[in-house]
Amino acid sequence: MSTLQEVLAVLLGAESEAKRIVDDSKSDAESLLRSAQEKFAAERASQMESAREQAKGIMETALNSAKTEAAQIAGLGKEERARMQKRFEENVEPVIDSMVSETAEGFILKRRG
């Protein structure tokens, strides 16, 4: 019987060893999975940060372009306003003289008539 007991002891020992190996393998697999998930999350966060920085750069460029365009439009408006003012100043005297003459002629014709 001692041989049978030895065989049973060896089998029990082998079963325990197999169980330990399975448990260790599960633990290693869980560790690898966690590591892969953490690596994926870190890479994803890095990609998101890169995308945010790129979007920020695009927005800053667009804002600067809009500011430049607004300044150009304002400058063109000032130039046009200055040209209008100059044309007004050049033409106001003759217009007033003409209006005064027409008004005076109208009064003269009324008095005669």
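## Salt bridges in the model

A salt bridge is taken here as a side-chain nitrogen of Lys or Arg within 4 Å of a carboxyl oxygen of Asp or Glu. By this criterion the structure holds five salt bridges. The structure is a predicted model, in which local features need pLDDT of at least 70 and side-chain atom pairs count only at pLDDT 80 or more, while totals for chains, interfaces and linings use all residues. Residues are numbered from 1 along each chain as its sequence is written, and side-chain values use heavy atoms, with hydrogens and water left out.

Glu 17 lies in helix H1; helices are DSSP runs (H or I, at least four residues), numbered from the N terminus. Its side chain forms a salt bridge with Arg 20, with 2.4 Å between the closest N and O atoms. Because Arg 20 and Asp 24 are four residues apart in helix H1, about one helical turn separates them.

Glu 17 is partly exposed at 35% relative accessible area, the term covering values between buried (under 20%) and exposed (over 50%), with a 1.4 Å probe and protein chains only. Arg 20, at 42% relative accessibility, is likewise partly exposed, and Asp 24 falls in this class at 35%.

## Glu 49 and Arg 52

A further salt bridge links Glu 49 to Arg 52, the closest N and O atoms being 3.2 Å apart. Both residues belong to helix H1 and stand three residues apart, about one turn of the helix. Glu 49 is partly exposed, with a relative accessible area of 36%, and Arg 52 is partly exposed at 48%. Elsewhere, salt bridges that share partners join Glu 17, Arg 20 and Asp 24 into one network.

## Nonpolar surface patch and span

Leu 4, Val 7, Leu 8 and Leu 11 make a nonpolar surface patch of about 370 Å². Patch residues have over 30% relative accessible area and no salt bridge, with like charges joined within 9 Å and nonpolar side chains (Val, Leu, Ile, Met, Phe, Trp, Tyr) within 5 Å. Accessible areas come from the Shrake-Rupley method with a 1.4 Å probe; for residues, only the protein chains shown count as cover. Leu 8 is placed in helix H1, which comprises residues 2-112, and is partly exposed at 47% relative accessibility.

Glu 17 and Thr 61 are separated by 44 residues in sequence and by 65 Å in space, C-alpha to C-alpha.

Technical notes: Helices (H or I, at least four residues) and strands (E, at least two) are DSSP runs, numbered from the N terminus.
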